[in-house]
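User: Hi! I am new to protein structures and would like to learn how to read a few surface and charge features. Could you walk me through them?

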Amino acid sequence: MNFKFNKTISLCLFLGIFFIHSFSINAQKVERQGNISGSIRDKNTQEILIGATVSLEGTNIGVSADAEGNFSIKNIPVKSYNIRASFVGYKTLIRYNVTVTSGNANTINFELEPETSQLQEVKVTADKARVANEVTPLSVQKLTVEEIKANPGGNFDISRVIQALPGVGGTSGGGGFRNDIIIRGGAPNENVFYLDGIEVPVINHFSTQGSSGGPVGILNVSFIEDVTLSSSSFDARYDNALSSVLQFKQRTGNSEKAQGNIRLGASETAATLEGPLSKDGKWTHLSSMRRSYLQLLFKAIDLPFLPDYWDFQYKITGKLSPKTTFTALGLGAIDNFGFRVPRNSTPENTYILRSLSSIKQWNNTTGFSLRHLLPSGYWNLALSANRLDNEIDKFYDNDEGNESKRQLKIRSTEAEHKLRFDYNKFVGGWKYNFGAMIQQNRYRNETFNRLRQEIKDAKGNIIQPEVIVNIPQNGIDFWRYGLFGQVSHSYFNDKLNTSFGIRTDMNSFTTDGGNPIETLSPRANISYALTENINLNASIGRYFKIPPYTMLGFRDNKGNLQNQNSKYTQSDHFVAGIEWLPRKGTRITLEAFDKKYSNYPVSVRDGISLANQGGDFNVLGNEAVTTDGKGRSYGFELFLQQKLTGNLFAVLSYTWFKSEFSGKDGKFIPTAWDNTNLISLVGGYKLPRNWELGVKYRYQGGAPYTPFDLEASQRNYLTTGVGIKDNSKLNSLRLTGFSAMDVRLDKKWNYKKSLLDFYIDFTNILQSKNAQYPNYTFKQNADATGFASTDGQPVKTDGSNAIPFILDNPANAGVPTIGLIYEF
């Protein structure tokens, strides 16, 4: 370990011991108690289940649901429990590892599935840890809020925690810094996100426009009840998904009393409040605000960039009648990414100042929904609006405001208004749903981008012409609309389950956008219970995604639209797998997948697939493209999970895959995220006296990258601030693999009506040196006031007398952090 890391670890341990000692001597050594409340419903029809029972395993504590399907258990001794919900004629459901404290009361909502097997079989099939259902029988995982909060190195960031699931990786070459979600070899923009049924386009701060990802997630974990990830076999109600559908289910606010929590972490402070809005508890609210202080930390350790963000979130739920529920929700963020002159002008700091852009970004989503119960079913109506404003600037030498030195300017706005309706019915063993959506879209853009400077030889002849993209303010307005239907049925006492769905999406902008046959997307799934513990599953489906607004709205310098004839990207999925549930709380799956892509965007300028452009903080797709690229991704994944049994829980996953896409030449090339191997191990142990230890290990194989065109890089570095890639050797090199072990230790103190949770989180505790993408720059002079040259003179505009220098960028020294959570 290096000295700096040892000092940091020692400081964290000292502060940890100080806090633990201080609060231990003040905490009263009496038995503390907490509360659990929630509701129990039929999963298919959403009808309340009056009289259903909820019990705490290993105790005699239990209650029955009241006439409104609600339950409340009070005065529970504080500790972690597995909570069981059961009802005659339904499959038993267990919520594992629920931590009861004297702070915030837990709100847990159960949805039970009808049991179609004979009564003697019910006892056998209960208590299984299966997540799948008849619509999505495979390629599905679920995380509870307890698993998210306890994830080492996750920093309560849902986007980061998800990367521990099978088939899920992140953008390599960035030292694990970004939250790009790469699933089964697909691009980050192939995922869609739903918050309580409302689509949320942006879930990360400093998001890459036209894609997704970013360094920090927006969603507040205090709102979340569970997260479901489907990486194939998508329900037909979801549009635009090629790699995954992520469903974030929020809990309802406490209906009995006001409560809240404050979280102080290494980089931010967050506050959450909740409680009833009416005396009868039928209206509740959740609200939160979070503020970053990363800019203060980065300034203190002399980093040249200063990220700064706020985010806000709320949810209001109300019962309009016994059968009608109203929900309003909102999510928003304000991001600023600026620079400062560091005290030490290192080559790394100089590169950062020259290569990165300043960013101002605002985004928000607001949604309203109604759910109305019907005999044996229900319908949903959702109205939502979202907006993203993006301002990006880059100046030579960071001389902001000097237009003669401007390298990049982007002013962009995306706005959507959506109306969605779905009707769901469950009759005689048949489950079906159908619905429609309509969406108004507005995109505005202004772009200036100096790609190449003009360079002349000694005789004044132009050897490199200037290349500038200069698009004045413009925009597009259009409509999107879609129809879908899905039907499912089980046979032979639930041994065989089948599902078939179909969907079509259209728009009023692209050349063929009004043709429903162009995007007709059938999908079919089958699941067979080979034994009481083993299920065989398979699915096949065709899925479509409309190109991003950055691509659809791109114009040339004369203002002419360049990509209006773009087609929807198509992906055909073939998946088969086996699921084994050997005992209570244990789940093992093995799946093979094959994804075929067509109509994939290819850059007109470079002739390469956009799948071979790595993640950054600017925009993706803001250029002329053709949609004639191909792609393929195939592999297999193994997943083993043990829910809390005794004091131990663990998850292990391994994925092997290949991801390759073709450009203009039709040759398949590994993508920027073709890591080949993904390994993840997460485990936790409940220690006595409210201590908990968590460990996570991650490995990603080396990502491909493209070497620099040294001649072009030297000519253009002073203009672009970055090296120029040699696309004739596209992704011909690979980084070494990325690996990290994170360890987290929690200690909770339960007071009479409050809780204090102190944690120490060691990210990359083994200090693995993980390679990042190399960066091109010029060598500095001796006093670090400028660039050195071969002739001792100032570096020429064309860089011909500069001394090229490649930064290898080994990164990811261990980072220990401490934090506090106070619940009241």
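Analyst: Happy to! Let's begin with patches: they are made of residues with over 30% relative accessible area and no salt bridge, where like charges are joined within 9 Å and nonpolar side chains (Val, Leu, Ile, Met, Phe, Trp, Tyr) within 5 Å. Accessible areas come from the Shrake-Rupley method with a 1.4 Å probe, and for residues only the protein chains shown count as cover. This is a predicted model, in which local features need pLDDT of at least 70 and side-chain atom pairs count only at pLDDT 80 or more, while totals for chains, interfaces and linings use all residues. Residues are numbered from 1 along each chain as its sequence is written, and side-chain values use heavy atoms, with hydrogens and water left out.

User: Which residues make the nonpolar surface patch here?

Analyst: Val427, Trp430, Tyr432, Phe434, Val487, Tyr491, Phe492, Phe500, Ile502, Ile517 and Leu520 form it, covering about 1,000 Å². Strands S25 (430–452), S28 (467–491) and S29 (496–507) each give two or more residues to this patch, and S25 gives the most, with three. Strands here are DSSP runs of E, at least two residues long, numbered from the N terminus.

User: Is phenylalanine 492 buried or exposed?

Analyst: Buried means under 20% relative accessible area, exposed over 50%, and partly exposed in between (1.4 Å probe, protein chains only). Phenylalanine 492 has a relative accessible area of 59%, so this residue is exposed. Its place is in the loop between S28 and S29.

User: How many salt bridges does the structure hold?

Analyst: A salt bridge is a side-chain nitrogen of Lys or Arg within 4 Å of a carboxyl oxygen of Asp or Glu. The structure holds 52 of them. In one, glutamate 591 pairs with arginine 184, and their closest N and O atoms are 2.7 Å apart. Glutamate 591 lies in strand S33 (residues 586–603) and arginine 184 in the loop between strands S10 (182–183) and S11 (191–195), so the pair ties together parts that are 407 residues apart in sequence. Glutamate 591 counts as buried because its relative accessibility is 6%, and arginine 184 is buried too, at 2%.

User: What about glutamate 199 and lysine 418?

Analyst: They form a salt bridge as well, with closest N and O atoms 3.0 Å apart. Glutamate 199 lies in strand S12 (residues 198–199) and lysine 418 in strand S24 (residues 406–427), so this pair ties together parts that are 219 residues apart in sequence. Both residues are buried.

Key
Helices (H or I, at least four residues) and strands (E, at least two) are DSSP runs, numbered from the N terminus.
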